[in-house]
Amino acid sequence: MKILLPIDDSVCSQTAAHALAGQICGKGDDVEVHVLHVIQWPKILSGTIPPVPGREFGEEFNNFLATRRQQARTLADGMARFLRNAGFQAVGLVREADPKQAILEYAAEWKPDLIVVGSHGRRGLERIALGSVSEAVMRHAHCSVQIMRHSPCA
């Protein structure tokens, strides 16, 4: 069985991973999990800024991007390690894009049997402003989707 576990750095993602480990307890050897963390940059921050002579801004900005990419890698690898310790075959992956789009594109490419995603449980204006990654995945994925909710999520 192939499972895609998209994560961010919230307790909601931890809830989804722990639920996955508990639900498939004892069957992990036959389960391959790809843990996917997506970095969403504001459009003006994508890529790198070339160093400007006499100014340190470009270098500082590139260091910021590198730090954020390393944090993302640490997060994805840490969750994959947790799942390997629970008996799964698991790898951590990082993409840079819109999370909804990146998750759906990766799922179309890898073709998992199941996507397990955490939900923040946002409502009202907050949901309108921030959107719902889990809802977009549920509506557009070409496989089963399990949405795990931890209450309260921040």
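What follows is a short exchange about labels and the values behind them.

Mentor: Keep in mind that this is a predicted model. The protein chain has five helices and five strands, and from the N terminus on they run β-α-β-α-β-α-β-α-α-β.

Trainee: Why is K111 called exposed?

Mentor: The cut-off for exposed is over 50% relative accessible area. K111 has 56%, so K111 is exposed.

Trainee: Where is the place of K111?

Mentor: K111 sits in the loop between α3 (99-110) and β4 (114-119).

Trainee: What is the phi of K111?

Mentor: The phi is positive, about 60°, although K111 is not a glycine. Most residues other than glycine have a negative phi.

Trainee: Why does Q23 count as partly exposed?

Mentor: Under 20% would be buried and over 50% would be exposed, with partly exposed in between. Q23 has a relative accessibility of 43%, which lies between those limits, so Q23 is partly exposed.

Trainee: Which residues does Q23 touch, not counting those up to four places away in sequence?

Mentor: Q23, which lies in helix α1 (residues 11-23), touches Q146 and M148. A contact needs heavy atoms within 4.5 Å.

Trainee: How much of the protein chain is made up of buried residues?

Mentor: Buried residues make up 40% of the 154 residues. The protein chain exposes about 9,000 Å², and carbon and sulfur atoms supply 53% of that area.

Trainee: What share of the contacts with a separation of 6 or more comes from residues 24 or more positions apart?

Mentor: In the protein chain, that share is 78%.

How values were computed:
Residues are numbered from 1 along each chain as its sequence is written. This is a predicted model: local features need pLDDT of at least 70, side-chain atom pairs count only at pLDDT 80 or more; totals for chains, interfaces and linings use all residues. Side-chain values use heavy atoms; hydrogens and water are left out. Helices (H or I, at least four residues) and strands (E, at least two) are DSSP runs, numbered from the N terminus. Buried means under 20% relative accessible area, exposed over 50%, partly exposed in between (1.4 Å probe, protein chains only). Accessible areas come from the Shrake-Rupley method with a 1.4 Å probe; for residues, only the protein chains shown count as cover.
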